[in-house]
Amino acid sequence: MRAPTECPAWQGLAKHAESIRGRHLRTLFADEPARGDRMTLEAAGLVLDYSKNRVTDETLDLLVRLASECGLRERITAMFAGEKINVTEKRAVLHVALRAPADERIIVDGRNVVPDVHAVLARMAAFSARIRSGGWLGYTGKPIRNIVNIGLGGSDLGPVMAYEALRHYSPHELSFGFVSNVDGTDFTEVTRGLDAAQTLFIVSSKTFTTLETLTNAHAARSWVVQRLGDERAVSRHFVAVSTNAEAASKFGIDRANLFGFWDWVGGRYSMDSAIGLSTMISIGAEQFQAMLAGFRAMDQHFRSAPFERNLPVLMGLLAVWYNNFFDAQTAAILPYDQYLRKFPAYLQQLTMESNGKHVTRDGARVDCQTAPVYWGDRGTNGQHSFFQLLHQGTRLVPCDFIGFCRSLNPLGGQHDLLMANLFAQTEALAFGRTADEVRAEGTPEWLVPHRVCDGNRPSNTILADRLTPATLGTLVALYEHSVFTQGVIWNIDSFDQWGVELGKALAQRVIPELQSVDEPPLAHDSSTNALIRRYRRRREGA
């Protein structure tokens, strides 16, 4: 496949970008008073206002043409059909099967995988009901009241984000904790004050070999056994989400309490699989099904809507526009809802682990920039930390604002205040404040330059009615498919993560060098050798 830079639409965009670079959003809105209404789309319960982007109809036409020239429609079809589009691992990419209706057929290696998905969901529902009702008893006969998920990467970021996002729907008599960091402080603080007799650990590891996860799992095992005094307690206080039944069984987990998933589910796309067991325990099977329905609604929209009216496609194409034609090196995710405080961190993995690649699907070096750095925080906190840079900094940072028309926790007029800030920030970023406007406010001339905001800073605004499980599913699927769209344009494999492996492999060399009783021979670079020796000396001195 040809490089994207060789596509006629890409070359047209490069020329077009030069002509539009000097045009201000003030001008674009002045030339078209109805722009805000015309450049707004609605699908699957979400509203996307993309009018505050530095685009014209010509820009959008070229971007849509680029998507067609890069084969986006064919790639969407291939993904939903179960073709092995993860080329380096020779796997299908079927997170969409996790939320497919029971009567759908998705074939992988000659097998319809949808019944397998629903069988696991049914087992999850039955188990969750037992925990929530108090029917599942720990080793000493007490009901479980504390659930701790042990995972890493997608096995942690998805569950913890979903728990925080949907905490409104979680019963207060249950507590939830999440351990991911191999730093012992993480496990210590999460389990501080918990009663082992009422604590259940969910060990989430596809292979049941991930070093960090297994290290924390063994720490949890020791914690339970020491407090309850019997190895047999393990089977009542541990369940696993894994494909490795043998390793989980050897750990002491009853095979009846093993919840499986499949190699066609990538970790960062797995929150709606059995990896979401803690989510289902938290919100219940009915609400979990509502979340899956939200995912499915966006899947169907992405699969069927024309590109010019397709929310994730347009968001993905706009991300390419700023990344590749405006040299925007970062993008900000700004949810105006306290429950979504973990959403930017979740999207960091989804976006950067997926598209932080330097070779194409066929192994050639890319000839354009791929994923920007994603970051952000919830409003209004961010307004009093990094928004200064967004308004007056020297870097262009495209922003996604996410808000809800109704609060789950109405408190006086506070939700109106919150949303007023969201709308005001998008307006300020787009239109800024001119020197004449500053002077008209009576500002002394020496202070005028300091108060001017140039504006012309692009943003999307995503609105929904309320933050429900269905809405969360729709939001996550929106970004999943936007990331996919970008990866197709750049002709990269968005579903492997070989860059993650290098540091982990090197760590395996360093571990015995740190733990050796005698001074080990070191064959690293001079910096790493010196750091290891200094660490050993100071640790032993302490």
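Me: How many residues does helix α7 have, and what does it reach from its first C-alpha to its last?
Reply: Helix α7 (residues 154-165) has twelve residues and reaches 16 Å, close to the 16 Å expected at 1.5 Å a residue. The expected span is 1.5 Å times one less than the number of residues. Helices (H or I, at least four residues) and strands (E, at least two) are DSSP runs numbered from the N terminus. This is a predicted model, in which local features need pLDDT of at least 70 and side-chain atom pairs count only at pLDDT 80 or more, while totals for chains, interfaces and linings use all residues. Residues are numbered from 1 along each chain as its sequence is written, and side-chain values use heavy atoms, with hydrogens and water left out.

Me: Changing topic: at what angle do α1 and α4 cross?
Reply: The axes of α1 (residues 8-20) and α4 (residues 57-69) cross at roughly 160 degrees and come within 8 Å. Axes are lines fitted to C-alpha atoms, for helices over the stretch in contact, and angles run from 0 to 180 degrees between N-to-C directions. The two helices are therefore roughly antiparallel to each other, a term for angles over 145 degrees.

Me: Which residues meet there?
Reply: From α1, P8, A9, W10, G12, L13, H16 and I20 meet E58, T59, L62, L63, R65, L66 and E69 of α4. Contact means heavy atoms within 4.5 Å. The residues of this contact divide into eight nonpolar, three polar and three charged.

Me: And the backbone: where is F208, and what is its phi?
Reply: F208 is in the loop between β7 and α9 (211-228). Its phi is near 55 degrees, a positive value in a residue other than glycine. F208 counts as buried, at 4% relative accessibility.

Me: What about A44: which loop holds it, and what is its relative accessible area?
Reply: A44 lies in the loop between β1 (40-43) and β2 (46-49). Its phi is also positive, near 55 degrees, and A44 is partly exposed at 30% relative accessible area.

Me: Which peptide bond is cis?
Reply: The bond from G379 to T380 is cis, with omega near 10 degrees. T380 is found in the loop between β11 (373-376) and α16 (387-392).

Note on methods: Parallel < 35°, antiparallel > 145°, perpendicular 65-115°, else oblique. Nonpolar A, V, L, I, M, F, W, Y, C, P; charged D, E, K, R; others polar. Buried < 20%, exposed > 50% of the residue type's maximum accessible area, 1.4 Å probe, protein only.
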